[in-house]
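Please look over the sequence and the model below before reading on. The paragraphs that follow start at the ligand and then move to one helix and several loop residues.

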Amino acid sequence: MPTYRYLGNSGLKISEITYGNWLTHGSQVENDVATACVHAALDAGITTFDTADVYANTKAEQVLGDALKGQRRESLEIFTKVYWPTGPAGPNDSGLSRKHVMESINASLTRLGTDYVDLYQAHRYDTETPLEETMQAFADIVRQGKALYIGVSEWTADQIRAGHALAKDLGFQLISSQPQYSMLWRVIEDEVVPTSQELGLSQIVWSPMAQGVLSGKYVPGQPLPAGSRATDDKGGARMIQRFMTDDVLARVQQLKPVADELDLSMAQLAIAWVLQNDNVAAALVGASRPEQVAENVKASGVTIPAELMARIDEILGDVVERDAARTAEGAPQQRPS
Ligand code: NDP
């Protein structure tokens, strides 16, 4: 059973292994496999599920909602997001305007088959909408009971600070940030994490396994494993490319003895690694098969001794990305259409 952690400075507890369905549900995997993965997560004690309206252009929310049908709602924490375009991608079909936020929450709730989400997240910062307008819309959604808590994703430290202050003025709390974070991608450590600690936000981190790369299954010079994300022509292969260099893959192979020393698989080591950071409330882990869920959940509660943390740093060396500027650089400069 996974351990629970508080989400930010709130009373909400979430499973530190959270199940996410980007690139899988409604896309890479068939619906029966998706349902089996959700049931494997529930069987393993995972109670927290993360999705977004844009995943598989709204199909992922629908698949998750269907898979969770019949479960006791109070025993689940369901998270979704708004920002990226869905539907016909008209001028108001993306971003964080009051119009798009209000319309999107209703559509997400319908697809998820629930009256409320536990966490509603701004999937990126919208440079075209006054932040006051966005935060007022979120405040109204919280008052309407359609979302219990509000979070953001891939916002810079300054954007988090500004959003947090407005939320406080409006009488609700911004409690989470959802950034990419893994042994290979540590850009949040210098700015986003200290700011979040100061303000009472947690990180719920995506791609803790670098999309499967840190499981060690991609061996330099060898064929790609059948059915893996790197072979997924519906989007996965393109997304994982940033990590698929011989240098990265060769260094990842050298992590195997570290995992062995802890009696962990490499996938478990990667997930446990992000959970060593106190500001991380959950590792958002994806899966294309139920067996992966059962394996991954065992990363919960593991302590990695300091000398092994240092050895991981030595092995990975300069393939680790640490530049705090990458958060802003990776964000859209204008609303996508
Ligand atoms: P991971 O780094 O956990 O990668 C998951 C993928 O790795 C699986 O789909 C599977 O792919 C492979 N895998 C999983 N377990 C194992 C295992 N034990 N052994 C070998 N391979 C394994 O995270 P994701 O990139 O999937 O992201 C997780 C979640 O984070 C998303 O679902 C979403 O909720 C969130 N996210 C948020 C973003 C944001 O902008 N806010 C952006 C991206 C993700 P396969 O078997 O096909 O190789």
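By class, the shell around the ligand holds 11 nonpolar, 17 polar and six charged residues. In this scheme Ala, Val, Leu, Ile, Met, Phe, Trp, Tyr, Cys and Pro are nonpolar, Asp, Glu, Lys and Arg are charged, and the others, Gly among them, are polar. The model is a predicted one: local features need pLDDT of at least 70, side-chain atom pairs count only at pLDDT 80 or more, and totals for chains, interfaces and linings use all residues. Residues are numbered from 1 along each chain as its sequence is written, and side-chain values use heavy atoms, with hydrogens and water left out.

In total, 34 residues surround the ligand, and the closest are D50, S207, K217, R229 and S288.

Taken alone, the ligand exposes 920 Å², and the protein buries 97% of that. These areas come from the Shrake-Rupley method with a 1.4 Å probe; for residues, only the protein chains shown count as cover. The elements giving two or more residues to the shell are β10 (280-285) and α11 (290-296). The largest share, three residues, comes from α11. Helices (H or I, at least four residues) and strands (E, at least two) are DSSP runs numbered from the N terminus.

Next, helix α6, which spans residues 192-199. Its buried residues are V192, V193, T195, S196 and L199. Seen down the axis of α6, these residues fall within an arc of 165°, so they line one face of the helix. The arc is taken over the directions from the helix axis to the C-beta atoms. Buried means under 20% relative accessible area, exposed over 50%, and partly exposed in between (1.4 Å probe, protein chains only). The buried residues of α6 pack against α5 (157-170), β8 (174-177) and β9 (202-206), where contact means heavy atoms within 4.5 Å. G200 follows the helix and has a positive phi, near 90°.

Some loop residues remain. S182 sits in the loop between β8 and α6 and is buried, at 0% relative accessibility. Not counting residues up to four places away in sequence, S182 touches S207, P208, A210, L214, W273 and V274. Of these, S207 is also among the residues closest to the ligand.

T86 counts as buried at 13%. Leaving aside neighbours within four places in sequence, T86 is in contact with D53, V54, N57, T58 and D93.

Q211, in the loop between β9 and α7 (236-240), is another non-glycine residue with a positive phi, of about 65°. Is Q211 buried or exposed? Q211 counts as buried, at 7% relative accessibility.

Definitions and conventions:
A residue is near a molecule or strand if one of its heavy atoms lies within 4 Å of it.
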